[in-house]
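Open the structure in your viewer and keep the selection panel at hand. We will go stop by stop.

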Amino acid sequence: MHPRVRDRAPEKNKTMNKTIIEVKDLKKDFHVGGGIVRALNGVNLSIVEGEFVAIMGASGSGKSTMLNILGCLEKPTSGIYILDGVDMAKLNKDELASLRNQKLGFVFQSYNLLPRTSALENVELPLFYNNKVKSAERKERAEKALIAVGLKDRMDHMPNQLSGGQQQRVAIARSLVNDPRVILADEATGNLDTRTSFEIMALFQELNSKGKTIVFVTHEADIARFTSRNIVFRDGHILRTEDVKDRFEAIEMLKNLPATDDDKDAVADENNAVGTDEKKIA
Ligand SMILES: Nc1ncnc2c1ncn2[C@@H]1O[C@H](COP(=O)(O)OP(=O)(O)OP(=O)(O)O)[C@@H](O)[C@H]1O
Ligand SMILES: [Mg+2]
């Protein structure tokens, strides 16, 4: 609605109050064997444009299921999901795919980059689904996104020639390349050491300050303090919602953090072009 949103300061974002995500009495059942797992059990939730929300809760509480439904990767069993004024239940498969590509960006714990494919080509991928974007523009937009995440000099690297943090930056660039309204992240810092996690949170905070709405799943309380609102799930429903007071500023916290051994390892890996697969923890 506001084309100038991206240029606004975060304080001003708070004055915008357009609801971008609205969920009413959402339920999700999984049928396994003879039984039913009720992963979501009546969730009501509103997220306003420009918010940076953390979805928290213990393992199995329904966080990823919630995010997957918000990302239109899964359909709810019942209930209503309205994204930017559109009722998701009313769309056919193609409309849903197109809306997802246009409005949502995804970042996952395990980066989900294509191997043997350069950073640049990985970031270009979502643009292949948009036939209005021709090859030259595709490259230009992907380069711009990679520059925005601080990877100007890594565009031709393959994923296994990048540190974990750099791979996650590529994934974030890929999530940005269509200029989505909302970024959905599931445990995006889950595979990263503390310093690299804070660097990634600094990047998310910067994107949020430029107007991006972010929904960030994490089970780590420290990470959730970089966001502006925490929504805590338990057994498939919202236990409580709290505004974050004294939000952590990742840039400031990085200044006080010494370089870790993990950072040195990452640099060494990069120099040796060694893959980081063995560092990944499921
Ligand atoms: N595809 C599936 N089939 C069957 N059950 C599922 C499926 N996906 C999730 N579940 C179940 O639904 C519940 C919620 O799972 P979900 O993945 O949303 O939890 P989570 O909060 O993301 O946990 P974690 O922190 O471990 O990632 C769990 O009990 C899980 O076992
Ligand atoms: Mg999960």
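The tour covers confidence, then the ligand, then a pair of helices.

**Stop 1: confidence.** This is a predicted model. Color the protein by pLDDT. The mean is 89, and 86% of the residues reach 70 or more. Now select residues 1-14. Here pLDDT stays under 50, and the model has 12 contacts beyond four places in sequence for this stretch. Next select residues 272-282. In this stretch, too, pLDDT stays under 50, with 12 contacts beyond four places in sequence.

**Stop 2: ligand 1.** Select ligand 1 and show what surrounds it. The shell has 13 residues. Phe-30, Ala-39, Ser-59, Ser-64 and Thr-65 are the closest. Which elements supply at least two residues each to this shell? Select β1 (19-32), β2 (35-48) and α2 (63-70) to see them. Helix α2 gives the most, three residues. Color the shell by residue class: eight residues are polar, four nonpolar and one charged.

**Stop 3: α6 and α7.** Select residues 164-176 for helix α6 and residues 194-209 for helix α7. Their axes come within 10 Å and cross at roughly 20 degrees. That angle is under 35 degrees, so α6 counts as roughly parallel to α7. The crossing of α6 past α7 is right-handed.

Now show the side chains where the helices meet. On α6, pick Gly-164, Gly-165, Gln-168, Arg-169 and Ile-172. They meet Thr-196, Glu-199, Ile-200 and Leu-203 of α7. By class, the residues of this contact are three nonpolar, four polar and two charged.

Conventions: Residues are numbered from 1 along each chain as its sequence is written. Chains are lettered from A and ligands numbered from 1 in the order in which they are written. This is a predicted model: local features need pLDDT of at least 70, side-chain atom pairs count only at pLDDT 80 or more; totals for chains, interfaces and linings use all residues. Axes are lines fitted to C-alpha atoms, for helices over the stretch in contact, and angles run from 0 to 180 degrees between N-to-C directions. Helices (H or I, at least four residues) and strands (E, at least two) are DSSP runs, numbered from the N terminus. Angles under 35 degrees count as roughly parallel, over 145 as roughly antiparallel, 65 to 115 as roughly perpendicular and the rest as oblique. A crossing is left-handed if the near helix is turned anticlockwise from the far one by less than a right angle, and right-handed if clockwise. Two residues are in contact if their C-beta atoms, placed from the backbone, lie within 7 Å. Ala, Val, Leu, Ile, Met, Phe, Trp, Tyr, Cys and Pro count as nonpolar, Asp, Glu, Lys and Arg as charged, and the others, Gly among them, as polar. A residue is near a molecule or strand if its C-beta atom, placed from the backbone, lies within 6 Å of it. pLDDT is the predictor's confidence in each residue, from 0 to 100.
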